[in-house]
Amino acid sequence: MNETIRVQTFDGRELTLRPDPALSLAQALFLAGPFRGLPLCSGLGRCGLCRVRFLADPPPVLAAEEKRLSAEELTQGWRLSCLRPATPCTLALPESRQEKPRATAFAADPGPLAVAVDLGTTSLHWTALAKGRVAARGRGLNPQMGLGSEVMSRLAFAAHPEGAAVLRDLVLERLREIIRDLPARPESLVVAGNPAMTLILLGLDAKGLRGAPYRLDYTGGDVRELAPDLPPAFIPPLFAPFVGGDLSAGLAALMLAPDATPEYPFLLADLGTNGEFVLALSPGELLCASVPLGPALEGVGLRFGRTAGPGAVELFDLGPEGLIPRFIDAPPAPGDAPGLTGPAYLSLVSILLANGLLDASGRFTRGDTPLARKLGHGLDRDAGEPVLRVLPDLFLAASDVEEILKLKAAFNLAFSRLLAAAGLTPTALAAVHLAGAVAEHARPADLERLGFLPPGLLPRVRVAGNTSLAGAELLAVDTDARRAVLDLPKVVQAIDLTNEPGFDARYLERMTFRHVS
């Protein structure tokens with residue numbers, strides 16, 4: 001009788017894993033190596049990247065697997081390993097679609113170095129600076145992906161015996177890899193991340209973030225030893241249980257840089273797996289809030305979702321002949337299936353909404369113009385679910401539209417609640433700075449059409465890019481900015497949206513593709 005997990009990899013290797021019912025099968029495979037570098041949805045049963053083929057005694061099919069896998073695949077024994085416990089079995093793995101970290105070449109003989117890191121839940125971005133200038137930069141998945149796709153599932157894994165240590169070691173090893181590739185040991189290191197990622201990195205207990213009433217037991221704003229072989233790291237201030245150093249670093253970039261000329265009041269929305277918002281009424285009065293967005297904006301968990309990288313669809317345009325995908329760098333190589341980034345999904349849903357193929361509730365409809373009817377020829381069903389086929393072997397599923405609608409509702413709620421707390425209307429804002437996963441690629445006009453932003457605000461929308469990384473770069477080299485950022489917590493008021501009475505009703509009210517004030 002088999003008492004182990006026996007694995008045949010696509011390239012012919014054989015692995016033997018020890019069962020652990022406390023883990024999912026996908027987590028066990030991640031820890032063993034085969035699933036490293038995959039943008040897994042980690043238990044949502046949506047991305048399909050964790051699929052495995054049971055070679056004997058396949059378990060009964062689950063409803064989520066009927067939506068994600070074809071009838072033929074299910075008959076052949078394919079299942080989603082994120083939905084299965086890590087108990088004894090024999091299985092085979094498909095060819096991997098791992099995403100490897102990317103970095104630019106380093107300038108020769110750069111002199112003293114400083115390193116800035118934006119530690120997101122989904123992605124890790126870094127910059128090496130020499131003499132205050134960017135000498136190299138890189139990005140990749142957060143190496144913890146596979147053990148929880150968003151903040152709460154990552155915290156849940158950290159609560160397992162040795163779970164927090166495993167998560168911490170994964171990031172520490174990634175930092176070591178980055179520094180090993182530099183021509184010299186950095187003299188300065190800044191790590192900006194949300195509170196959960198920060199506490200796990202520092203080896204601190206994150207139990208205050210695991211359940212209501214949430215509390216923040218460490219507030220940053222100091223230098224911490226990460227490991228003997230790594231430089232000490234400055235941690236920007238953390239404002240609230242789910243508003244962290246990524247947001248305070250972003251404020252530093254907008255308010256404290258030598259060339260900064262902020263106009264007040266402004267809103268900074270840092271959008272990734274966790275949405276963090278700050279309404280700056282003046283340099284001395286800030287309101288902040290956070291909402292869980294999940295990993296969809298970063299291309300994780302959607303049916304054909306991918307993180308931004310070469311070959312992925314960045315955006316869709318609409319031409320006389322129909323939808324036109326805009327690829328990052330170049331189209332995928334022959335045989336490689338294209339994936340859609342979060343902004344690509346936003347642009348696609350925006351186009352369909354504008355042309356009557358989706359209604360405000362997110363349901364597929366048939367448009368009444370010739371172009372809409374042409375697009376509507378792609379309406380179909382897959383595993384019982386309405387879909388719209390947009391590229392060969394690629395479609396938009398109704399469940400993906402629902403995920404976009406959830407993102408919109410959460411963003412809309414944080415946006416309108418902060419303005420209400422300050423007694424402002426959207427027209428009173430001097431600027432809206434969009435940062436994070438959306439800001440690199442998304443079109444503000446799509447966000448307005450989908451109802452993330454109120455009508456008429458586009459002239460004041462600024463695509464700010466990765467403000468967390470920009471702020472970390474500033475804090476790595478500018479001692480005046482570092483001193484000034486320590487004063488920000490004194491002027492911040494946090495609003496706990498999720499624990500407010502009526503939160504659920506206000507959220508559901510915004511589950512429509514129009515902005516609700």
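Begin by selecting Val 7, which is found in strand β1; helices (H or I, at least four residues) and strands (E, at least two) are DSSP runs, numbered from the N terminus. The model is predicted: local features need pLDDT of at least 70, side-chain atom pairs count only at pLDDT 80 or more, and totals for chains, interfaces and linings use all residues. Residues are numbered from 1 along each chain as its sequence is written, and side-chain values use heavy atoms, with hydrogens and water left out.

Val 7 has a relative accessible area of 1% and is therefore buried (buried means under 20% relative accessible area, exposed over 50%, partly exposed in between, with a 1.4 Å probe and protein chains only). Next, display the residues around Val 7. Leaving aside neighbours within four places in sequence, Val 7 is in contact (heavy atoms within 4.5 Å) with Arg 13, Glu 14, Leu 15, Leu 17, Leu 29, Leu 91 and Leu 93. Of these, Leu 93 is 86 residues from Val 7 in sequence, yet their C-alpha atoms are 7.3 Å apart.

Move on to Gly 12, in the loop between β1 (5-8) and β2 (14-17). Its relative accessibility is 60%, so Gly 12 counts as exposed. A distance drawn from the C-alpha atom of Gly 12 to that of Gly 284, 272 residues away along the chain, reads 62 Å.

Now select helix α4 (residues 151-158) together with helix α6 (residues 195-202). The two pack at an angle of about 25 degrees, with axes 10 Å apart; axes are lines fitted to C-alpha atoms, for helices over the stretch in contact, and angles run from 0 to 180 degrees between N-to-C directions. This angle makes α4 roughly parallel to α6 (angles under 35 degrees count as roughly parallel, over 145 as roughly antiparallel, 65 to 115 as roughly perpendicular and the rest as oblique). Show side chains to see the contact: α4 contributes Val 151, Arg 154, Leu 155 and Ala 158, and α6 contributes Ala 196, Met 197 and Ile 200.

Finish at helix α8 (residues 342-354). Twelve of the 13 residues of α8 are buried, so this helix is largely enclosed by the rest of the structure. Among the buried residues are Gly 342, Pro 343, Tyr 345 and Leu 353. To view the cover over the buried residues of α8, select elements including β18 (313-319), β19 (322-327), β21 (385-391), β22 (394-397), α10 (398-422) and α11 (444-450). Just after α8, Gly 356 takes a positive phi of about 75 degrees.
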